[in-house]
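The sequence and the model come first, followed by notes grouped by topic.

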Amino acid sequence: MSGIIVYASRYGTSREYAEKLSGLTGIPAFDRRRVPELPKEGPVVFIGGTYAGKVADLKKTLRGFVPSKEQPVIIAAVGLSDRSEPESAAAAEAEIEKQLPPAAAAQAKIFLLRGKIDYSVLKPFHRLALALMNSMSARLPESELPPESRIITETYGKKADFTDFGALNGIMAALSESGALTQKAAER
Ligand SMILES: Cc1cc2nc3c(=O)[nH]c(=O)nc-3n(C[C@H](O)[C@H](O)[C@H](O)COP(=O)(O)O)c2cc1C
């Protein structure tokens, strides 16, 4: 199977999604630091954690990447926020599109996956960033909080896991539609 799954993961959630997708599709998964260049053939899937609204290392990984005509490009952002409301999903997708080079943006399909958090293992810098985000949210009335601020407040200081491997079905369907999967993988 040609193509690649590349992940950028600080605490392991994007890696877990990437490895699960790799098992389902047969497409190999690699940490972005081990991938010097993206292939010009086969699907390119990037999965990365969301930090303060940006997908970790997305810009860096896709810099200068011009996909071949009809080469499937899939971007999956892993975050705590619930993006089931179409309006909220559209806002997150628009934000992600801005982080892509134009050629890749034109061809990319974007997916929003949910991740997890455990304050007991957070790096001090991330702990501080979340404390700041949480105290900024505390100044706003709850009705005005966007989903990403609300979930950070709800989970502040705790351990919460919203991982849902079933959400990979959407990516499987997109890969299948583009003809990138073997019959066996498409049936999984
Ligand atoms: C400092 C920090 C900022 C975060 N900012 C966001 C955010 O803006 N939106 C969101 O949905 N999740 C946010 N998260 C949650 C992460 O996206 C979530 O923990 C994800 O599972 C991380 O994926 P990874 O372990 O693959 O890096 C944040 C987490 C940390 C530690």
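Leu24 lies in helix H1; helices (H or I, at least four residues) and strands (E, at least two) are DSSP runs, numbered from the N terminus. The model is a predicted one: local features need pLDDT of at least 70, side-chain atom pairs count only at pLDDT 80 or more, and totals for chains, interfaces and linings use all residues. Residue numbers start from 1 along each chain as its sequence is written.

- Leu24 is partly exposed, because 18 other C-beta atoms lie within 10 Å.
- The cut-offs are as follows: a residue is buried if 20 or more other C-beta atoms lie within 10 Å of its own, exposed if 12 or fewer, and partly exposed in between, with C-beta atoms placed from the backbone.
- Apart from its neighbours within four places in sequence, Leu24 is in contact with Leu168, Met172, Ala185 and Arg188; two residues are in contact if their C-beta atoms, placed from the backbone, lie within 7 Å.
- Between Leu24 and Ala76 there are 16 Å in space, C-alpha to C-alpha, and 52 residues in sequence.

- Seven of the seven residues of S5 are buried, so the strand counts as mostly covered.
- Val73, Ile75, Ala77 and Gly79 point one way from S5, Ile74, Ala76 and Val78 point the other way, and all are buried.
- S3 and S5 run parallel and are joined by six bridges; two strands pair if DSSP finds at least two bridges between them.
- Val45 has Ile74 in S5 as its bridge partner.
- S5 also pairs with S6 in the parallel sense, over seven bridges.
- Ile75 stands opposite Ile110 in S6.
- Strand S6 (residues 108-114) is mostly covered, with five of its seven residues buried.

**The shell around the ligand**

- There are 24 residues around the ligand, and Ser9, Ser14, Gly49, Gly79 and Gly115 come nearest; a residue is near a molecule or strand if its C-beta atom, placed from the backbone, lies within 6 Å of it.
- At least two residues of this shell come from each of helix H1 (13-25), strand S3 (44-51), strand S5 (73-79), strand S7 (116-118) and helix H5 (124-138).
- By residue class, the shell holds ten nonpolar, eleven polar and three charged residues.
- Ala, Val, Leu, Ile, Met, Phe, Trp, Tyr, Cys and Pro count as nonpolar, Asp, Glu, Lys and Arg as charged, and the others, Gly among them, as polar.
- The ligand lies between domain 1 (4-115 + 162-186) and domain 2 (117-161), because both give residues to the shell around it.

**The two domains**

- The chain is divided into domain 1 (4-115 + 162-186) and domain 2 (117-161), with bounds that come from an automatic or database domain assignment.
- Eleven residues of domain 1 are in contact with ten residues of domain 2.
- On the side of domain 1 that touches domain 2, four residues are nonpolar, five are polar and two are charged.
- The C-alpha centres of domain 1 and domain 2 are 24 Å apart.

**Residues in loops**

- Tyr11 is in the loop between strand S1 (4-8) and H1.
- Tyr11 counts as partly exposed because it has 17 C-beta neighbours inside 10 Å.
- Tyr11 and Ile151 are 140 residues apart along the chain, and 18 Å separate their C-alpha atoms.
- Ala52 lies in the loop between S3 and strand S4 (54-55), and its phi is near 50 degrees, a positive value in a residue other than glycine.
- Ala52 has 11 other C-beta atoms within 10 Å, so it is exposed.
- Glu70, in the loop between helix H2 (58-62) and S5, has a phi near 65 degrees, a positive value in a residue other than glycine.
- Glu70 is exposed, because 8 other C-beta atoms lie within 10 Å.

**The chain as a whole**

- The chain contains eight helices and eight strands.
- Its radius of gyration is 17 Å, close to the 16 Å that the globule rule gives for 188 residues, so the chain is as compact as a globular protein of that length.
- The radius of gyration is taken over C-alpha atoms, and the globule rule is 2.2 Å times the number of residues to the power 0.38.
- The C-alpha trace spans about 50 × 30 × 30 Å along its principal axes.
- Buried residues make up 32% of the 188 residues of the chain.
- Of the contacts in the chain with a separation of 6 or more, 76% are between residues 24 or more positions apart.
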